[in-house]
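Reader: Hi! Could you walk me through this one while I have it open?
Author: Happy to, ask away.
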Amino acid sequence: MRIALGLQYDGAAFCGWQAQPHGNTVQNVLERALEQFAQVSLPTVVAGRTDTGVHALGQVVHFDTQLDRAEFSWVRGVNAFLPPSVSVQWAKPVPPTFHARFAAFERTYFYVLYVHPVRSPMLARRAGWVHTALDVERMRKAAGYLIGEHDFSSFRSSDCQAKTPVKHLYAIDIVEHGPFVHLRFRANAFLHHMVRNIMGCLVSVGRRRHPARWMAEVLAARERKHAAPTFMPDGLYLAQVGYPDDFGVPPPNLASLPFSEVWNRD
């Protein structure tokens, strides 16, 4: 039997998703909790391996098991062994053709950016921060140059293991809300550090260090050295992973993030 789980987690508490010998990753704590509940090792496959400090509202994993448990039993049972920073939101039996990573056709990330002369301790590790005003319309224009299918090598980490740098970026939506700038990135898939590297460029444009057209030049260069530094992970959230309707994957509970009300208006 194949089981899919929906996860939310505070990435600030972990050294990323992928299991490491030191054990302080989301995968490590999830698989320990699964083993404690099921009394057998249950290796997981994840939709997207988030970096250190990156959060998740709608992460999806799957695993195979011989155990027959009710859906609510998986949720409550595994959560009983997880730290407060990680929570299983739902569990669902899925057909063997389901694959958390390869069956996904779309990923959506949110970035929450606090724009204020002074940082807020209430937002530490929950939102990115810039202390100078941003030209948001200029940022929107720059973002437009990235929409479509492109070689995103300029926004790719040197540690990226993707087979190809070509991805299809469907949309970058940017909304101002009080002292916050909210960004939503939607693509078929993302390269390692791709969203954070794009964020670095957008913030640079917003601070008027470069014209909007510079973004097109960075994209065309296909070399990481032409882009801005990688932006902080604090405000980045894996919001949703898209699957064909036939699998019946539940939508994420975006309301658990107060900032997500911006996107609930869509």
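Reader: Great. Which residues of helix 5 are buried?
Author: In helix 5 (residues 214-221), the buried residues are Trp214, Met215, Ala216, Val218 and Leu219. Buried means under 20% relative accessible area, exposed means over 50%, and partly exposed is in between, with a 1.4 Å probe and protein chains only. Helices (H or I, at least four residues) and strands (E, at least two) are DSSP runs, numbered from the N terminus.

Reader: Before I go on, what should I know about the model and the numbering?
Author: This is a predicted model, where local features need pLDDT of at least 70 and side-chain atom pairs count only at pLDDT 80 or more, while totals for chains, interfaces and linings use all residues. Residues are numbered from 1 along each chain as its sequence is written, and side-chain values use heavy atoms, with hydrogens and water left out.

Reader: Thanks. Back to helix 5: what covers its buried residues?
Author: The cover includes helix 3, strand 7 (148-151) and helix 4; contact here means heavy atoms within 4.5 Å.

Reader: How do helix 3 and helix 4 cross?
Author: Helix 3 (residues 136-144) and helix 4 (residues 194-206) have axes that come within 8 Å and cross at roughly 135°. Helix 3 and helix 4 are therefore oblique to each other. Axes are lines fitted to C-alpha atoms, for helices over the stretch in contact, and angles run from 0 to 180 degrees between N-to-C directions. Angles under 35 degrees count as roughly parallel, over 145 as roughly antiparallel, 65 to 115 as roughly perpendicular and the rest as oblique.

Reader: And which residues make that contact?
Author: Helix 3 brings Arg138, Met139, Ala142 and Ala143, and helix 4 brings Leu202, Val203, Val205 and Gly206. By class, the contact of helix 3 with helix 4 has 6 nonpolar, 1 polar and 1 charged residues. For the classes, Ala, Val, Leu, Ile, Met, Phe, Trp, Tyr, Cys and Pro count as nonpolar, Asp, Glu, Lys and Arg as charged, and the others, Gly among them, as polar.

Reader: What about helix 1 and helix 2, what's their angle?
Author: Helix 1 (residues 26-38) and helix 2 (residues 71-79) pack at about 110°, and their axes are 8 Å apart. Helix 1 and helix 2 are therefore roughly perpendicular to each other.

Reader: Who meets whom there?
Author: From helix 1, Leu30, Ala33, Leu34 and Phe37 meet Ser73, Trp74, Gly77 and Val78 of helix 2. That contact has 6 nonpolar, 2 polar and no charged residues.

Reader: Which residues of helix 2 are buried, and what do they pack against?
Author: Trp74, Val75, Gly77 and Val78 are buried in helix 2. The buried residues of helix 2 pack against strand 1 (2-9), helix 1, strand 3 and strand 4.

Reader: Switching topic: which residue does UniProt list for "active site"?
Author: The unreviewed UniProt entry lists Asp51. UniProt positions are in the numbering used here, feature names are shortened, and annotations may be inferred rather than shown by experiment. Asp51 sits in the loop between strand 2 (45-46) and strand 3 (55-64).

Reader: Is Asp51 buried or exposed, and what does it touch?
Author: Asp51 counts as buried because its relative accessibility is 17%. Leaving aside neighbours within four places in sequence, Asp51 is in contact with Gly16, His192, His193 and Arg196.

Reader: Nice. Where is the annotated "binding site"?
Author: The annotation, from the unreviewed UniProt entry, covers Tyr109. Tyr109 lies in strand 5 (residues 106-115), and at 11% relative accessibility Tyr109 counts as buried. Beyond neighbours within four places in sequence, the contacts of Tyr109 include Thr50, Arg184, Phe185 and Tyr237.

Reader: Last one: where does UniProt place the domain feature?
Author: The unreviewed entry puts "domain: Pseudouridine synthase I TruA alpha/beta" at residues 8-102 and 142-244. Residues 8-102 are 23% helix and 24% strand, with end C-alpha atoms 20 Å apart. Residues 142-244 are 23% helix and 30% strand, and their end C-alpha atoms lie 31 Å apart.
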